[in-house]
Amino acid sequence: VIKNEKFNNNLMGSECLISLYKLCNFSNKKIIKSIITKNLESTFNIDLFSSALLQNIIDTSKFKSKYLRKVEDIFQDSENTGLSIMGETTNLEKIENQIINILLKDLLKEIDFNKYIGKSKKLDLFLDPKNFNYENFQLEWIEEFPEFVHAKLVNIPETKVAIKALFEQLIISKNLDKKVKEIFFKYYL
């Protein structure tokens with residue numbers, strides 16, 4: 001697979017290589033890193049960049065400015081701020097999740113993501129949890145966030161208190177599903 005040029009020169013092939021990266025020996029990791037880097041140099045793709053970044057495959061300094069331009073374009077593009085159609089993820093939702101993962105893994109520390117405060121409620125929760133308006137917290141985030149996110153959120157006292165208060169109100173006023181209740185009792189109680 002690693003030596004198949006047609007496979008490697010497309011986004012799907014590159015994403016597959018990223019998945020294989022952890023399993024490879026050192027020499028194959030070097031080949032994968034080279035393939036991903038060449039693909040990003042020839043046609044920058046923000047999803048490929050984010051995946052490679054989160055797996056610590058690429059040197060970010062080469063692509064940081066391209067990444068920031070794409071992020072800016074997505075936030076400025078008013079068409080991407082709408083709701084998803086038929087369950088399809090919008091570019092805005094993708095970039096929110098990518099930035100959240102980058103923040104949670106403490107990557108790209110040199111980028112000031114705080115300039116995006118106010119662009120996305122979900123992103124605001126992670127950029128400025130102490131000043132986040134918890135009235136904007138959406139219940140579906142509870143199920144959407146993986147467990148490691150909840151583990152990080154509960155370590156922020158303001159977040160834990162606010163989410164706990166929201167849950168208590170919801171438990172009294174609504175019939176919450178079992179998974180949401182389990183997350184609440186595991187992390188926020």
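Me: Why is Phe185 called partly exposed?

Reply: Phe185 has a relative accessibility of 47%, and partly exposed is the class between buried (under 20% relative accessible area) and exposed (over 50%), with a 1.4 Å probe and protein chains only, so Phe185 counts as partly exposed. This is a predicted model, in which local features need pLDDT of at least 70, side-chain atom pairs count only at pLDDT 80 or more, and totals for chains, interfaces and linings use all residues. Residues are numbered from 1 along each chain as its sequence is written, and side-chain values use heavy atoms, with hydrogens and water left out.

Me: Where is Phe185 found?

Reply: Phe185 is found in helix 11, which covers residues 178-188; helices are DSSP runs of H or I with at least four residues, strands are runs of E with at least two, and both are numbered from the N terminus.

Me: What makes the contact of Asp47 and Lys94 a salt bridge?

Reply: The N to O distance between the side chains of Asp47 and Lys94 is 3.3 Å, and a salt bridge asks for a side-chain nitrogen of Lys or Arg within 4 Å of a carboxyl oxygen of Asp or Glu, so the pair qualifies. Asp47 lies in helix 4 (residues 46-54) and Lys94 in helix 6, 47 residues apart, and the pair therefore links distant parts of the chain. Asp47, with a relative accessible area of 21%, is partly exposed, and Lys94, at 31%, also counts as partly exposed.

Me: Which residue forms a salt bridge with Lys115?

Reply: The partner of Lys115 is Glu72, and their closest N and O atoms are 3.6 Å apart. Lys115 sits in the loop between helix 6 and helix 7, whereas Glu72 belongs to helix 5 (residues 64-76), with 43 residues separating them. Lys115 has a relative accessibility of 47% and counts as partly exposed, and Glu72, with a relative accessible area of 25%, is partly exposed too.

Me: Why does the pair of Glu96 and Lys122 tie together parts that are apart in sequence?

Reply: Glu96 and Lys122 form a salt bridge whose closest N and O atoms are 3.8 Å apart. Because Glu96 lies in helix 6 and Lys122 in helix 7, the pair ties together parts that are 26 residues apart in sequence.

Me: Are Glu96 and Lys122 buried or exposed?

Reply: Glu96 and Lys122 are both buried, and together with Glu144 they are linked in a network of salt bridges.

Me: How many salt bridges does a search of the whole structure find?

Reply: The search of the whole structure finds nine salt bridges, among them the bridge between Asp47 and Lys94.
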